Amino acid sequence: CSSPSVSVWASLPPSKSCSTPPPLQFPAIHIDNGAEGWSEGAMMVKSDQITEFCKALGGDTPIRSVLVANNGMAAVKFMRSIRAWASETFGTDKAVLLVAMATPEDLRANAEHVRIADQFLEVPGGTNNNNYANVQLIVEIAERTRISAVWPGWGHASEDPELPDALKEKGIIFLGPPSAAMAALGDKIGSSLIAQAAGVPTLPWSGSHVKVPQETCHSIPEEIYKKACVSTTEEAVASCQVVGYPAMIKASWGGGGKGIRKVHNDDEVRALFKQVQGEVPGSPIFVMKLASQSRHLEVQLLCDKHGNVAALHSRDCSVQRRHQKIIEEGPITVAPPEKVRELEQAARRLAKCVQYQGAATVEYLYSMETGEYYFLELNPRLQVEHPVTEWIAGVNLPASQVVVGMGIPLYNIPEIRRFYGVEHGGGYHSWKEISAVAAKFDLDKAQSVRPTGHCVAVRVTSEDPDDGFKPTGGRVEELNFKSKPNVWAYFSVKSGGAIHEFSDSQFGHVFAFGESRSLAIANMVLGLKEIQIRGDIRTNVDYTVDLLNAAEYRENKIHTGWLDSRIAMRVRAERPPWYLSVVAGALYEASSRSSSVVTDYVGYLSKGQIPPRHISLVNLTVTLNIEGIKYTVKTVRGGPGSYKLRINESEIEAEMHSLRDGGLLMQLDGNSHVIYAETEGAGTRLLINGRTCLLQKEHDPSKLLADTPCKLLRFLVADGSHVVADTPYAEVEVMKMCMPLLLPASGVIHFVMPEGQAMQASDLIARLDLDDPSSVRKAEPFHGTFPKLGPSAATSGKVHQKFAASMNSAHMILAGYEHNISHVVQDLLNCLDSPELPFLRWQELMSVLATRLPKDLRNELDGVYKEYELNADFRNGQDFPAKLIREVIEANLAHCSEKDRITSERPIEPLMSLVKSYEGGRESHACVVVKSLFEEYLSVEELFSDDIQSDVIERLRLQHAKDLEKVVYIVFSHQGVKNKNELILQLMDGLVYPNPSAYRDQLMRFSALNHTAYSGLALKASQLLEQTKLSELRTSIARSLSELEIWPSMKGWKI
């Protein structure tokens, strides 16, 4: 087994079973070379340990390897549970070899169960009858790989009686009940008949009149069984009339919300009976009275082959959507302890009646008003929600299935002994000590210990609560969950994986524990808020948080129809505030469009083509359609991530930064918000702080499109017929669920897609000739205004920080963005004139550089600075001691060696730059600042002064061939020349005019700019140069006059 991928035959030792080719072919068996300890010697040690374990605890057949005949959540949970048990029991998590099955879809989706298995075998893809529900395939794989046991999980082949029989013929252990018990109790009709025979109450149903002798419970005669079934639509109608409406039409082999419909009258029976048949083909159908306002309660059973049955506490699974559990919890709190005990004993009687073996769940409906309970069904397998029982009972159920499969009696299992509080109970790590002293006890008389707390579980599904909980599929970009001490979860996919069209919609399960029910709920809410899921899929996480916070749920006043009633009333998950959705949507759209403009421009340049003359990056108008309201937002960029948004004469500020994972970090009103966006058929879905918002596309009701990948099962109306709005026109299969498609408007329908066709999102199913096109609802324009909000980020009133903000705004104007130029210049002038500015900037620089300066220099600089800071004139306009500080720095450098001087000059450079700029006082510093802004302007505009723009761009393209985005931003800067000119003109008026000679060189360059775009600026520069000449002339004349005045006094000098 050292090769990473070997054929099935080469991986097996010689045996008679390998002498003839099998009827099924498998591509390869893949072995995880990283699996600890799978060398031959270590394998023998583990084998001996397992044999010793089995024998010591009274078993008869050691299980050393298991084929996991399932995928998704079931496979992941089983593997992790077995790993944990093996580590505790045998000191290594690889004691039992775990082999997975993997379809091409699982491999493409990076399925988690494939990743964590020791080995996996590729099996055919498509629907589960090709793979996980294919009994012949499972048995062939198990036989050829010499597996000890097969674990079926839930769904797929887990309730097919042919599987245990076929495995038994091959001498392979089935980790579940015998076929007879499975057929008897796993079948909903059969289990109801057995419950009636065992004296367990049942609701009125199509088999209420059927009597089964208790001695025939193992095998109900076919003629008796058929009496409880309904085979045709008319039989279903007649049966519903007998039991009374509302009623349920149920497939006996259904489960997980499939093969079950609620009906209120004869017409609904006729419309829905075929759907039940279609969802579970070949299954017998029965009718049962609907018990409204009831709770769904469960008892977890574990049975061995010696006739022992343990009832491992109870669960409440009343929060259901279309009979699919969403929230589970345990133990039961709605019924008194004695009633719960009664439920447990009734469940144990049922299991004993058919000599059940393995894990099972007995489900009841319980009336909170009367306290009466009714048998619902028995699931002959492990349930999805079994970890709830594991938390409150302290029993590893998948491991217990393996232990029971070895033939070990329940009373010898350490965790079962601990559960019943008998002597010598505990964890599996102590199995050697327990096996030597443990005594048999009677489970019929034993009392279990009370649960130590409460557990709440939430199923995470890829369903869209905003669209009737339609299943969704596709890539999962990010899946991040932060475990807490009392909250944990497991998922069938990871970041970068996917949920394919043949997956179950559930891909995660979250569990929270607390000392009480209220604490468990609070822990669950906190845990769900920590989940981050992004990608093509939609999830129920937000919606479930709202359910957990609902008063009815917290007060324990729910029932099985509670969630469906909320959905019918269109109670939706909490949305972000409208203005937050609008701002996030506008920023996302503006950012996306700007990125596209840059990308397209670079594309032109890279091909050597002439790009568009104008680059639209600053002023954009964005139209958003959110929940039927049309928002028109004007966005103005003040920098790469700085925006002003205007709507109906109101304005707010916002900042936006891109995250490495594709998200956006938005700052609004001083608060930050994380935004992710996904494009789908209906529009763009935004995830804002974990809450969703849909930016809808314009909807055309005349085109009936597929919302998600699915299969068109059948049309429910005739082609060319007149149809009515809000009625179903077709049925589709989405991730193994049959769902109706509703008409958005009335009209005449024309089919485009044939029945049986697989479809992708946005595929056209049919066209609709609308009765009244003018009646189609359009988005209403928004006439309101933004609320009054503060600045996007906290602002400071300190001079040096205001100076930095003003300089940043000036740089952004010169880069082509928009700001209020007058405000920017005035703020800059005020800051430059402040005597505090150099001192505060010095403090800021020293706070950063102090630890990097030589100690002696730092102490000397601190001394000089404090001497001035303590001076009474410091706040009254005293000049910054630039020359003195420069002397100190240069003297210190002079005493350094050549090597130390080079090392010291780098951290000192920012300090020297500040000191030099202030050596001539505040005016000198202002001159340095303004010159830097002038130089920034000229570095771009001198490029465009004399030449045609296309020629300039071509030169820039050749110059920056390795980084063409630089060309984009140079052109974008030039595009804002009007605002840039205004900024330079105001700076000239405010700072250059008093002393133009200090700016002579740059003024000459401004005056030389040769284009009509610069005419005003060039004229101003020329005027200032003339002023400079006049000033110099005056100075020259004054100097000459001064010389003339002193000449007469020199006449008497002797030379």
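**Stop 1: Ser283**

Select Ser283. This residue is buried, with a relative accessible area of 9%. Keep in mind that you are looking at a predicted model. Leaving out residues up to four places away in sequence, Ser283 touches Ala251, Ser252 and Trp253.

**Stop 2: the whole chain**

Zoom out and colour by secondary structure. How many helices and strands does the protein chain have? There are 33 helices and 40 strands. The radius of gyration of the protein chain is 40 Å, well over the 31 Å that the globule rule gives for 1055 residues, so the chain is more spread out than a compact globule. Turn the view along the principal axes. The C-alpha atoms fill a box of roughly 150 × 75 × 60 Å.

The accessible surface of the protein chain comes to about 47,300 Å². Carbon and sulfur atoms hold 51% of that area. Of the 1055 residues, 52% count as buried. Take the contacts in the chain with a separation of 6 or more: 66% of them involve residues 24 or more positions apart.

Now colour by charge. The protein chain has 109 positive and 127 negative charges.

**Stop 3: salt bridges**

The count of salt bridges comes to 44. Visit a few of them.

Select Asp464 and Arg685. They form a salt bridge, with the closest N and O atoms 3.3 Å apart. Asp464 lies in strand β17 (residues 463-464) and Arg685 in strand β30 (residues 683-688), so the pair ties together parts that are 221 residues apart in sequence. Is Asp464 buried or exposed? Asp464 is buried, at 8% relative accessible area. Arg685 is buried too, at 6%.

Move on to Glu941 and Lys980. In this salt bridge the closest N and O atoms are 2.6 Å apart. Glu941 belongs to helix α28 (residues 922-941) and Lys980 to helix α31 (residues 977-992), so this pair ties together parts that are 39 residues apart in sequence. Glu941 is buried, with a relative accessible area of 0%. Lys980 is also buried, and its value is 0%.

Then pick Lys644 and Glu653. Their closest N and O atoms are 3.4 Å apart, and the two form a salt bridge. Check the surface here. Lys644 counts as partly exposed, at 28% relative accessibility. Glu653 counts as partly exposed as well, at 33%.

Finish this stop with a group. Select Glu298, Arg315, Lys325, Glu328, Glu363, Glu385 and Arg459 together. What links these residues? They are joined in a network of salt bridges.

**Stop 4**

Most peptide bonds are trans.

Select Tyr245 and Pro246. The peptide bond from Tyr245 to Pro246 is cis, with omega near -5°. Look along the backbone on both sides. Pro246 is found in the loop between α10 (233-243) and β8 (247-255).

Now select Gly330 and Pro331. A cis peptide bond joins them, and omega is about 0°.

**Stop 4: positive phi**

Most residues other than glycine have a negative phi. The last two selections have a positive one.

Select His156. Phi of His156 is near 50°, a positive value in a residue other than glycine. His156 is found in the loop between β6 (149-151) and α6 (162-169). His156 is partly exposed, with a relative accessible area of 22%.

End at His424. What is phi of His424? The angle is near 60°, again positive in a residue other than glycine. His424 lies in the loop between α15 (414-419) and α16 (431-437). This histidine is partly exposed, with a relative accessible area of 36%.

Technical notes
Residues numbered from 1 in each chain as written. Predicted model: local features only at pLDDT ≥ 70, side-chain atom pairs only at ≥ 80, totals over all residues. Heavy atoms only, no water. Helix = DSSP H or I, 4+ residues; strand = E, 2+ residues; numbered from the N terminus. Rg over C-alpha atoms; globule rule 2.2 N^0.38 Å. Buried < 20%, exposed > 50% of the residue type's maximum accessible area, 1.4 Å probe, protein only. Contact = heavy atoms within 4.5 Å. Areas by Shrake-Rupley, 256 points an atom, 1.4 Å probe, with all protein chains shown as cover. Lys, Arg positive; Asp, Glu negative; His and termini not counted. Charge placed at Lys NZ, Arg CZ, Asp CG, Glu CD. Salt bridge = Lys/Arg side-chain N within 4 Å of Asp/Glu carboxyl O.
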